[in-house]
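Let's take a walk through this one together, from the overall fold down to a few side chains. Have a look at the model first, then read on.

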Amino acid sequence: QVQLEESGGGLVQAGGSLRLTCTASGNIFPPNVMGWYRQAPGNERELVANAFTGGVKKYADSVQGRFTITRENGLNTVFLQMSSLRPEDTAVYYCNYRSLTTLSDYWGKGTLVTVSS
């Protein structure tokens with residue numbers, strides 16, 4: 001089992017910044033991928049950004065150039081630095097851990113990010 005603890009959501013004005021943090025604990029083994037998804041009301045959950053243990057990172061087109069994902073493998077922690085936030089970034093952000101060996105997915109409880117115009 002893997003547990004994910006998220007922090008860092010909140011309310012920010014358009015153009016502002018926030019940083020999300022997610023720490024995984026439990027049965028953590030490489031190779032794996034950790035990242036962030038988000039879900040706005042009425043929308044499906046979508047990938048925001050993820051980072052593989054090998055160093056590859058992937059971003060949604062809508063956040064490219066504005067968001068940066070970093071991970072510290074020794075701490076099993078992933079950060080999402082969000083800048084130039086827009087009202088359309090408003091959503092619940094979920095941390096995800098996926099084992100690339102078993103393909104098991106684990107999810108955090110979610111943290112709300114609200115961007116006011």
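How many helices and how many strands does the chain have? Zero helices and eleven strands. This is a predicted model, and read along the sequence its pattern is simply β-β-β-β-β-β-β-β-β-β-β. The radius of gyration is 14 Å, close to the 13 Å that the globule rule gives for 117 residues, so the chain is as compact as a globular protein of that length. If you like to think in boxes, the C-alpha atoms fill one of roughly 40 × 25 × 20 Å along the principal axes.

Of the 117 residues, 41% count as buried. The accessible surface comes to about 6200 Å², and carbon and sulfur atoms hold 49% of that. As for contacts with a separation of 6 or more, 54% of them are between residues 24 or more positions apart.

Now for the covalent link. The count comes to one disulfide, formed by Cys22 and Cys95 with their sulfur atoms 2.0 Å apart. That distance passes because the cut-off for a disulfide is 2.5 Å between the sulfur atoms. The angle about the S-S bond of Cys22 and Cys95 is -85 degrees, and the link is left-handed. The pair ties together distant parts of the chain, with Cys22 in strand β3 (residues 18–26) and Cys95 in strand β9 (residues 91–99), 73 residues apart. Are these cysteines buried or exposed? Cys22 is buried, at a relative accessible area of 0%, and Cys95 counts as buried at 0% too.

On to the rings. The structure holds two aromatic pairs. In one of them, the ring centres of Tyr37 and Trp107 lie 5.0 Å apart with the planes at 70 degrees, so this pair is edge-to-face. Again distant parts of the chain are linked: Tyr37 belongs to strand β4 (residues 32–39) and Trp107 to strand β10 (residues 105–107), 70 residues apart. The other pair, Tyr97 with Tyr106, is tilted, at 6.2 Å centre to centre and 50 degrees between the planes.

| Residue | Relative accessible area | Class |
|---|---|---|
| Tyr37 | 16% | buried |
| Trp107 | 37% | partly exposed |
| Tyr97 | 1% | buried |
| Tyr106 | 19% | buried |

Tyr106 makes it into the buried class at 19% because the cut-off is under 20% relative accessible area. Trp107, at 37%, falls between the limits of 20% and 50%, so it counts as partly exposed.

Which rings does the charged end of Arg45 sit over? One is the ring of Tyr94, with the charged end 3.7 Å from the ring centre. Another is the ring of Trp107, at 4.6 Å from its centre.

One last stop is a loop residue. Thr102 is found between β9 and β10, and it counts as exposed at 51% relative accessibility, since the cut-off for exposed is over 50%. Thr102 and Pro31 are 71 residues apart in sequence, while their C-alpha atoms are 9.9 Å apart in space.

Methods. Residues numbered from 1 in each chain as written. Predicted model: local features only at pLDDT ≥ 70, side-chain atom pairs only at ≥ 80, totals over all residues. Heavy atoms only, no water. Helix = DSSP H or I, 4+ residues; strand = E, 2+ residues; numbered from the N terminus. Buried < 20%, exposed > 50% of the residue type's maximum accessible area, 1.4 Å probe, protein only. Phe/Tyr/Trp six-rings, centres within 6.5 Å; stacked < 30°, edge-to-face > 60°. Lys NZ or Arg CZ within 6 Å of the ring centre and 35° of its normal. Rg over C-alpha atoms; globule rule 2.2 N^0.38 Å. Contact = heavy atoms within 4.5 Å. Areas by Shrake-Rupley, 256 points an atom, 1.4 Å probe, with all protein chains shown as cover.
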